[in-house]
Amino acid sequence: MPAVLHVLSDRKELLTNEIYQLSAVTALQRVTETLPHFISPYLQDIILQVTHQKTASSSSSSSSPSAQLCLRVSSLRSTLATKLPPRVLLPTLSRCYSSMVEDRKVSGALMSVLKEHIAQMDSEQLAVHQSELTTFFLTALDFRAERSQGDLQRAWQVEGGVIECLITMVMKLSEVTFRPLFFKLFDWTKSDRKERLLTFYRLCDRIAERLKGLFVLFAGSLVKPLADVLKQTNGSRTDELVFDSEEKNCLLLQLVLDVLQKIFLYDTQRFLSKERADALLGPLVDQLENGLGGPQTYQNRVTQHLVPCVGQFSVALADDAQWKTLNYQVLLKTRHSDAKVRFSSLLLLMELASKLKENYVVLLPETIPFLAELMEDECEEVEQQVQKVIQEMENILGEPLQSYF
């Protein structure tokens, strides 16, 4: 073993000789398959080597040594993930992660070994090791807050691997075992490390996507924090933004809108009580005025995140009086002094009409005067958009609206 590991760690020699590298990896693969219980003393070295291996790109032909090496290394990772018991593998992976973080070399390969290992654990093993895994994840999820040194792209990449791993574990838990984990993660954000908010809401977004309606059961306690973030990232409403960096504020806001959109989308339990709806309605509609990040970012955020989110919000409200309030708040934004806010408000009105369909008829009487005003708007784009909205509403409601004007 020391000889094989020495071969793998001798980078200069290897880079010139792929066959040599392939032989060493093959030997390691055989030993791991046949004697998995005897490799514990070397396990940390093995894992560091096979998750660091600079393997060739997949563009080379499938018969070339570098392509074979790629296959061998990934097959070796798979063997490590499936053949070793959790009591041996988990502490070693944890130590490897710590040493990689120190060297600033966290690799996605390490997380893929852990992910595959968790995927094949049975529920008894998972129950035994859940608290150990939770501790590891809380450490690894801190990568953005502690280690990323403001490199947002690197943080996004490393954190993504950790989150995918954690999701694999979450999908194997029952509601009873997931609940304490979720609240532990939620409490973890209540520190002075604001970066954790980015990590947590990104995680919520992924969990909501996978758990769908089940996630809504846990989302009640998120309503106030989500509403607070909407207020604290709204440049038009506050000078005290969450982060000093505009890019981070924009990212946080986008994640929060996506989480909300999924909660509303998968809600079958009448999640939006009057109190919850009231807490979210104002901060959501006020986002129409939030120019954070400049015109291009604003436009992307409105079309890709805000409009779908408020559209789903209207569906989840399922209440005439609440619809009236929401519609009226959006209509008021159509009188804003900034043309892009008026334009975005029209996009949102169109979304409300298309989501509420025939239910929107009751809201027409108060909507029409605002649309009539906008037909005389000094901004040409807004005028054209009004025509589109009227046409769209006529299509949805199946009747001409001219009689209302």
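Rings of Phe, Tyr and Trp (its six-membered ring) pair if their centres lie within 6.5 Å; planes under 30 degrees apart count as stacked, over 60 as edge-to-face and the rest as tilted. By this rule the count here comes to 12 aromatic pairs. Take F178 and F218: their ring centres are 4.8 Å apart and their planes stand at 85°, so this pair is edge-to-face. F178 lies in helix α11 (residues 175–188) and F218 in the loop between α13 (213–216) and α14 (223–232), so the pair ties together parts that are 40 residues apart in sequence. Helices here are DSSP runs (H or I, at least four residues), as strands are (E, at least two), numbered from the N terminus.

This is a predicted model, where local features need pLDDT of at least 70 and side-chain atom pairs count only at pLDDT 80 or more, while totals for chains, interfaces and linings use all residues. Residues are numbered from 1 along each chain as its sequence is written, and side-chain values use heavy atoms, with hydrogens and water left out.

Stay with the rings. F178 and F218 are both buried. Buried means under 20% relative accessible area, exposed over 50%, partly exposed in between (1.4 Å probe, protein chains only). F200 and Y201 form another edge-to-face pair, 5.2 Å centre to centre with 65° between the planes. Both F200 and Y201 are buried. One aromatic cluster takes in F178, F182, F183, F186, F200, Y201, F215 and F218.

Now step back. The protein chain has 21 helices and zero strands. Its C-alpha atoms fill a box of roughly 85 × 45 × 40 Å, taken along the principal axes. Of its 405 residues, 50% count as buried.

Next, look at R196. This residue is found in helix α12 (residues 195–211). Its relative accessibility is 11%, so R196 counts as buried. What does R196 contact, leaving aside its neighbours within four places in sequence? The partners are D142, A145, W188, T189 and S191. Contact means heavy atoms within 4.5 Å.

In helix α20 (residues 364–374), the buried residues are L364, E366, T367, I368, F370, L371 and L374. Their cover includes α18 (320–333), α19 (339–356) and α21. Y404 lies in the segment after α21 (380–397). At 32% relative accessibility, Y404 counts as partly exposed.
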